[in-house]
Amino acid sequence: MALEHLTGSWRRAVEHFAGWDAPVQLRWTTKYDDVGTFVGLAHGGRTRVRFSVNCLPVSTRFEGGTSPVPARLAALRRLALDGYPVGLTVAPIIALPDWRTHYGELLGLVAAAVDGVPGLDLTAELITHRFTPGSREVLLGWYPRTRLEMDEARRSRKHGKFGAVKFVYPRETMTELRSWFTAELAARVPACRILYWT
């Protein structure tokens, strides 16, 4: 999206996928809100634009140089009103103090953004904060004074499909987060389909 105003390549891709007579879909995720050139395009419902969002303490502290979350949600509404399938990527979900209040405020903004959208096709991908030893080292090298919690002793050690080590929240925290997000999304945005939790 950052270069779309220069290249127009995403617009051409949207129109290309719209013209395909096949079960295909173009999907992308963005933290930006400049979607004006996509409104009115012939998209045929074959492009799903997903907006990466987070609660205010996370987005303001760790997402410098991106569009504010309310602007992203306004862009999501604009595309949804134009008939696009849209999505939320809530990532990384961080179990910060008072996380229920902060993520509840985020879901309230989401509910307001999609209120009254006819034929809403909304999905959610819910991704908790995790890190590998390598990603931790890189982040601490780039941002030595970061307040992002990456304490291996406070995490559960997991092995990926191919043996890679990652550190995730302990099972109790994961269960609590997942139960809350599942219930709150169903209550506040019942049209939203959760694609996965990780």
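Okay, Thr-47: if you skip its neighbours within four places in sequence, Thr-47 is in contact with Val-14, Gln-25, Leu-26, Trp-28, Tyr-84 and Pro-85. Contact here means heavy atoms within 4.5 Å. Thr-47 is buried, at a relative accessible area of 0%. For that word, buried is under 20% relative accessible area, exposed is over 50%, and partly exposed is in between, using a 1.4 Å probe and protein chains only.

Quick housekeeping. This is a predicted model, where local features need pLDDT of at least 70 and side-chain atom pairs count only at pLDDT 80 or more, while totals for chains, interfaces and linings use all residues. Numbering starts from 1 along each chain as its sequence is written, and side-chain values use heavy atoms, with hydrogens and water left out.

So where does Thr-47 sit? It lies in strand β2. Strands and helices are DSSP runs numbered from the N terminus: E, at least two residues, for strands, and H or I, at least four, for helices.

Now the sheet. It's an open one of 5 strands, in the order β1-β2-β3-β4-β7, with parallel pairing. Two strands pair if DSSP finds at least two bridges between them. At the edges you have β1 (26–30) and β7 (192–197), each pairing on one side only. From one strand to the next, the twist averages 20 degrees.

Let's look at β3. Strand β2 (residues 47–53) pairs with β3 in the parallel sense over 5 bridges. Val-49 has Val-86 in β3 as its bridge partner, and Arg-50 stands opposite Gly-87 in β3. Then β3 is joined by 6 bridges to strand β4 (residues 122–128), again running parallel. On that side, Val-86 stands opposite Leu-122 in β4.

How many residues of strand β3 are buried? In β3 (residues 86–93), 7 of the 8 are, so the strand is largely enclosed by the rest of the structure.

One for anyone who checks backbone geometry: the peptide bond from Ala-91 to Pro-92 is cis, with omega near -10 degrees. Pro-92 is in strand β3. Further along, Asp-98 is in the loop between β3 and α5. Asp-98 is not a glycine, yet it has a positive phi of about 60 degrees. With 49% relative accessibility, Asp-98 counts as partly exposed.

On to the helices. Helix α5 (residues 99–114) and helix α7 (residues 171–188) pack at an angle of about 30 degrees, with axes 11 Å apart. That makes α5 roughly parallel to α7. The axes are lines fitted to C-alpha atoms, for helices over the stretch in contact, and angles run from 0 to 180 degrees between N-to-C directions. Under 35 degrees is roughly parallel, over 145 roughly antiparallel, 65 to 115 roughly perpendicular, and the rest oblique.

Who makes the contact? From α5, it's Trp-99, Arg-100, Tyr-103, Gly-104, Leu-107, Gly-108 and Ala-111. From α7, it's Glu-176, Leu-177, Trp-180, Phe-181, Glu-184, Leu-185 and Arg-188. By class, the contact of α5 with α7 has 8 nonpolar, 2 polar and 4 charged residues. In that scheme, Ala, Val, Leu, Ile, Met, Phe, Trp, Tyr, Cys and Pro are nonpolar, Asp, Glu, Lys and Arg are charged, and the others, Gly among them, are polar.
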